[in-house]
Amino acid sequence: MMAMSARLFSGLLAVAAIMFVGAPILIVGAPYESTMGLIQKIFYFHVPSWIAMFLAVFICGVSSAVYLFRGKASADRLAATAAELAVLFGLMGLTTGPLWAIKAWGVWWQWDARLTMALILELIFIAYIMLRAYGGPGSEKLAAGLALFGMANVPFVYISVNVWRTIHPTTDVLPNLSASAPGMFWPIVWCFLAFLVLFGVLLMARMRLEALRARIDAIHLALEA
Amino acid sequence: MFDFERLTIDDVSRFYGRRRALSHVSLSLEQGELVGLLGPNGAGKSTLLGVLATLVSPSAGTVHYGDRTGVDGGLELRSQIGLLSHELQLYGELTARENLEFFAGLFDLSDPAARASEALERAGLTARGDDVVLGFSRGMRQRLALERALLHHPRLVLLDEPFTGLDEQSTQTLSDRLRALRDDRRIVLIATHDHDVVDGLVDRAVLIDNGRLLSLDGSDGTLRERYRSAVGSRR
Amino acid sequence: MRRFFQVAWLVMRKDLRVETRSWEMVSTTLFFAVSCVLVFSFAFVRGGRAIEGAASGILWIAVAFSGTLALGRAFERERYQDAMRALLMAPVERSAIYLGKLLGIVLLMATVEVVVVVAIVFTFRAPLFAYPGYLAALLATGTVGFATVGTLFAAMLLRTRSRGVLLPILLYPVTFPVLIAGVGGTVALMGADPNLDLARFWTALLLFFDAVFLTLALWTFEPVMTE
C-alpha cells in the first residue's frame, strides 16, 4: 500500500512539475484579452486557485461531518489537511486577485462577491487552524464543527455580498472569461489540471505526514503497554 | 423502565494523541457494591468516570450496562446514572430548593417540588432550603450536591473526589449516606486519591495509575499499605 | 417532543432566574453596548451630522460586540462549578439544552437591542423608527442568526484553552452574512427613499440563514459537546 502510493506520489509530483513548467509557455502563447492587456493573464493562475480552494473547503466540510458523526480518525486527518490547503490556495487567489485589480483598475480591493467570499472562507479556515493549534486537547471535534458551519455558509456569503454589490455597483473585477476567445481555452484547462495535480500532490504529502504522526502515536501507546 | 444489575467495563481505552488516559481497563461492578477507584492525580480516574457517564466515548472497548452498551444505550441510560463532579455542579445564585427543583424537572420527575423537599430533608438542609447556595459551607454544598445527583434514584452512582474539603463530621455523614446507597442495591463508584478515608468504607478497591487498572484486594495490611506497595512497585 | 421543549424551557427559565438575582449580565452588556454606540458616535458624527449610513452599521456592530460578550459570560456561568456536565446528564436529547441556552441569549440580546436602537436614534438622529415593524423583523431574524451560531460556538469552546479570544475569531467570519444582511436591510429602511422590497429580501435571507444554521446547530450540539 505504502509502496504503491509512494510511486503514485512521485508520479504525480513529476506530472505537476512538468505542467507548471509548461504552463508559462501556453500562457505566453494565449491571445491577449481585449481591454486589459498583459495583466489579464494572471487569470490563468487566479481562477484555478479559486477552484482548488473550493475543493479544499468542500473536502474539509464533508470529512469534518464524517469525523463528527462517525468518529473516524482518518476523516479528521483529511479535514486538517484540507483546511491547510484551503488556506494555501485561498492565499494564492487573494494575492493574485488584488494584483490583477491594481493593474487593471487602479484599486486593490473592490468587494467583489467572489473575492469577498474567498476572504471570509480564508478567515474561517485560518480560525480552524488556530483552534486546532491553540485549543488544547479535544479541539479536533470543535474544529470539525467550525468547518461544517463554514461550508454551510458559502452560499449565504455569496448571495449577501452579491446583492450588496448590486446596490453599490463598482467595476466588475472578475468578468466571466469562460469562453472569451478560443485561444484561451487550452491554457486555462492546462492550468486547471496543473493545479488539480498540485492539489493532489500536496494532499497526499500532508496526509502522509498526518498518517505517520498517527503511527508514531500508536507506537508510543503500544510501547508503554 | 430501563435498569441493569451489572456494569461491565470491557477492555476500555481512551487516547488523546499519544497520551493514554485509559489503557485496557476491564472491571465488573454489581448491584450493592461500593467500590473505591484510587489513584494519583492525572491517573485517569475522571476520564473513567466520564466514560461511564457517557460523556466521553472510549477509543476502544465497550461499556455494558446490563445488556445495553454505552454507545446504543440511548438517553434512557442517563436516567440510571448519577454523576457528582468534584466541583459540585450547583448554581450558586439559586436557592437550595430551586437547584433541586430545576434538576428534578430536568430529570422528568413527577412533582419536582415534593422531590426537592424530600431531598432537602435527606441532606439535612430543610431549614436552609430557601437560602442561596453561594452562602453554604463546603459540607452543606456537598450534601446538597449529592442529593441533587441522586434525585432520580439512579442505579449507578459515580462520585469524583467527594471527600475533598470536608471536615470529619461531614466525612462521616457522607460515608453513612454512601453505605445506605450500597445497602439499597445501587452500584457506587468513588474516585479519590485519599485512600485513608475510603479504607473500611469500600467493599473493594482498584488502583488506576497511568490509565491502567490494578486490583487492590487482599487482606494483608490496610488499604494504605496495599496502595503504597502497588504504586511504589510501579515506579 | 414535548419533553424536548420542556427541557429547553426549564433551562431558559433557570437562566432567567439566575440572572434576576444579580442582573449582572444584563447591566454589563447594556452598559457595554451603549458605550460602543457612544464611542462610534465620536468617530462617525461630524459637525452634528452623522456620516451617511453610519447608524445602520453601528447598530449591528454594537449588537455583534455586545452579543459576543454576553455569550462568553453566559457560558462562563455553566463552566463554573462544572454545571454543563450536570445538564448533559439529563435523560433528554442533549440539543434541548442548546435550545434553552439559545432562548436565554436571544432574550438578553433583544433587551439590549431595544436600548441600543434608542441610543442610536438619539446620538445619530437616525430615523430608525420610520418602519418599526420592518426593523423589528430584521433585528429579530438577525439576532436569532447571530445567537444560533454564537451559542453553539460558545458551548463548544467551554473547556477550551484561549476560549476568550477564540470565540470572536470563530464567530465573526461565520456570522458575516448576518451582519451584511442586517446592515443592508437597515440601510434600506432609512434614508430619503426607503426600499421596502430590499428590506424584505434581507429579512427573508436572514430567516433562511436562521433555519439552516439552527438545524445544523441542533444536529451537531451533542457530538461537539461529548468527547
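Which exposed residues does the face of α1(C) turned away from its buried side carry? In this predicted model, that face holds C:Arg2, C:Phe5 and C:Thr20. The buried residues of the helix are C:Val7, C:Ala8, C:Leu10, C:Val11, C:Lys14, C:Asp15 and C:Val18. Viewed down the axis of α1(C), these buried residues fall within an arc of 155 degrees, so they line one face of the helix. Their packing partners are α2 (96-106) of chain B together with α3 (54-79) and α5 (95-124) of chain C.

The helix α1(C) comprises 21 residues. From its first C-alpha to its last it reaches 31 Å, close to the 30 Å expected at 1.5 Å a residue. Just after α1(C), a positive phi of about 55 degrees is found at C:Trp23.

Between chains C and B, 21 residues of chain C are in contact with 24 residues of chain B. On the side of chain C that touches chain B, α1 (2-22) and α4 (83-88) of chain C each supply at least two residues. The most is given by α1(C), with eight residues. By residue class, this side of chain C divides into ten nonpolar, three polar and eight charged residues.

Chain A contains six helices and zero strands, and its pattern along the sequence is α-α-α-α-α-α. Of the 225 residues in chain A, 38% are buried. Among contacts in chain A between residues at least 6 apart in sequence, 79% join residues at least 24 apart.

Terms used:
Residues are numbered from 1 along each chain as its sequence is written. Chains are lettered from A and ligands numbered from 1 in the order in which they are written. This is a predicted model: local features need pLDDT of at least 70, side-chain atom pairs count only at pLDDT 80 or more; totals for chains, interfaces and linings use all residues. Two residues are in contact if their C-beta atoms, placed from the backbone, lie within 7 Å. Helices (H or I, at least four residues) and strands (E, at least two) are DSSP runs, numbered from the N terminus. Ala, Val, Leu, Ile, Met, Phe, Trp, Tyr, Cys and Pro count as nonpolar, Asp, Glu, Lys and Arg as charged, and the others, Gly among them, as polar. A residue is buried if 20 or more other C-beta atoms lie within 10 Å of its own, exposed if 12 or fewer, and partly exposed in between; C-beta atoms are placed from the backbone. The expected span of a helix is 1.5 Å times one less than its number of residues. The arc is that of the directions from the helix axis to the C-beta atoms.
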